[in-house]
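Trainee: Could we look at a protein together and talk through how its helices are put together?

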Amino acid sequence: MVGPARTEADSRYGVTVTPRGVFSRPLGAAGLSREVARSIHRTINLIRLELRQTSFGLYFGNLWLLLEPALQAGTYYFLLKVVFGVGGADASFSFFFTAVTFWRSHATLVSAAPYFLAVKGHHYVEQGFGLSIALLEVVANEILLLLVRVAVLLCFLVLAGYTPIWTWPLVVLVAAVQLSFSMALYVWLSMLGVLVKDIGKFVGHVVWLWWYLSPGLYSIHRIPDWAAVVYSLNPFAHLIPAYHSLLLKGAISQSAVLGLLAILVVSVLMLWLGLMQMRRFSYSMARYI
């Protein structure tokens, strides 16, 4: 009687609990497809909810997704070009706007990372969604916002007189490298934020300092030779010039490609290790929250 009862239960449920232990049944192709479709449906609804919460009560609503990078770039242009009289190709509004557009994605992710497990991740686990859905929602939401910002940037560049060329679509590959790097930091900082709750207060200031130490407001050629080696350790010393080269110059050097590949390899490795550690850490997370 035990054998048939177990077989019948296994045919209806993915997990069966018996006195001899917990037995799980492979989902199969059809079950896996349903699970993937269910996860995608959940993620889409969560993204829509996130966007509504972000723009709730604001007069301009989601239009701020377009206004914020433009206003930030305009502020830098006014200070550097008008007030301080900085000249050169790296003191144009297009130069600033390009850097700010992609930097905002990284800054948003890293600044919010220390609060992920303590706030969003913990809430999603309580609601039965799990950490995987929470992480998927973070990635998908940031990809959507980045696509909107890039679309606005490209429209501006066309209006500013730049001719669309074959190098423009390649920014998607550079953005993928940046996202892998940002998510690697996101995963590790989210765990650190649970262990050391004060870390979130420091990360915001570090992100701003990081921005000024990256070639978003100036060309990398302005860096003195004695600091070039240390400066090159900053991943955005390779990412931001790659965006500028592809969008504003229509070319990219071989050394830049090699630098991006190195960032990608290290980022994917750190992201994989971080996800493995987060899976183990999630079991003991409740002690710190």
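Predicted model: local features only at pLDDT ≥ 70, side-chain atom pairs only at ≥ 80, totals over all residues.

Trainee: What percentage of the residues of the protein chain count as buried?
Mentor: A residue counts as buried when its relative accessible area is under 20%. The chain has 289 residues, and the share that counts as buried is 38%.

Trainee: Among contacts with a separation of 6 or more, what percentage comes from residues 24 or more positions apart?
Mentor: Let's begin with one pair of residues. Ala-107 is found in helix α4, and it is buried, with a relative accessible area of 15%. Ala-107 and Val-203 are 96 residues apart in sequence, yet their C-alpha atoms are 9.8 Å apart in space. For the chain's contacts with a separation of 6 or more, the share from residues 24 or more positions apart is 72%.

Trainee: Now the helices: are α4 and α7 roughly parallel or roughly antiparallel?
Mentor: The axes of α4 (residues 93-112) and α7 come within 8 Å and cross at roughly 15°. Angles under 35 degrees count as roughly parallel. Therefore α4 and α7 are roughly parallel.

Trainee: How many charged residues does the contact of α4 with α7 have?
Mentor: From α4 come Phe-102, Ser-105, His-106, Leu-109, Val-110 and Ala-112, while the α7 side includes Gln-178, Phe-181, Ser-182 and Tyr-186. By class there are eleven nonpolar and four polar residues. The number of charged residues is none: the contact has no charged residues.

Trainee: And are α7 and α10 roughly parallel or roughly antiparallel to each other?
Mentor: The axes of α7 (residues 171-195) and α10 (residues 236-249) come within 10 Å and cross at roughly 165°. Angles over 145 degrees count as roughly antiparallel. α7 and α10 are therefore roughly antiparallel.

Trainee: Is the crossing of α7 and α10 left-handed or right-handed, and how many nonpolar residues are in the contact?
Mentor: The crossing of α7 and α10 is left-handed. Among the residues that make the contact are Val-174 and Phe-181 of α7 and Leu-239 and Tyr-243 of α10. One residue of the contact is polar and no residue is charged, and the number of nonpolar ones is eleven.

Trainee: What about α6 and α7: is that crossing left-handed or right-handed?
Mentor: The axes of α6 (residues 131-159) and α7 come within 12 Å and cross at roughly 145°. As for the hand, α6 passes α7 in a crossing that is right-handed.

Trainee: Which element gives the most residues to the largest nonpolar core?
Mentor: This core has 58 residues, and those touching the most other members are Phe-102, Phe-116, Leu-117, Tyr-186, Trp-211, Leu-239 and Met-278. With twelve residues, the element that gives the most to this core is α7.

Trainee: Is Leu-117 buried or exposed?
Mentor: Leu-117 is found in helix α5 (residues 116-126). Its C-alpha atom is separated by 9.6 Å from that of Met-278, 161 residues apart along the chain. Leu-117 has 0% relative accessibility, so Leu-117 counts as buried.

How values were computed: Residues numbered from 1 in each chain as written. Heavy atoms only, no water. Axes fitted to C-alpha atoms, helices over the stretch in contact; angles between N-to-C directions. Helix = DSSP H or I, 4+ residues; strand = E, 2+ residues; numbered from the N terminus. Parallel < 35°, antiparallel > 145°, perpendicular 65-115°, else oblique. Left-handed = near helix turned anticlockwise from the far one by under 90°. Contact = heavy atoms within 4.5 Å. Nonpolar A, V, L, I, M, F, W, Y, C, P; charged D, E, K, R; others polar. Core = buried A, V, L, I, M, F, W, Y, C linked by side-chain atoms within 4.5 Å. Buried < 20%, exposed > 50% of the residue type's maximum accessible area, 1.4 Å probe, protein only.
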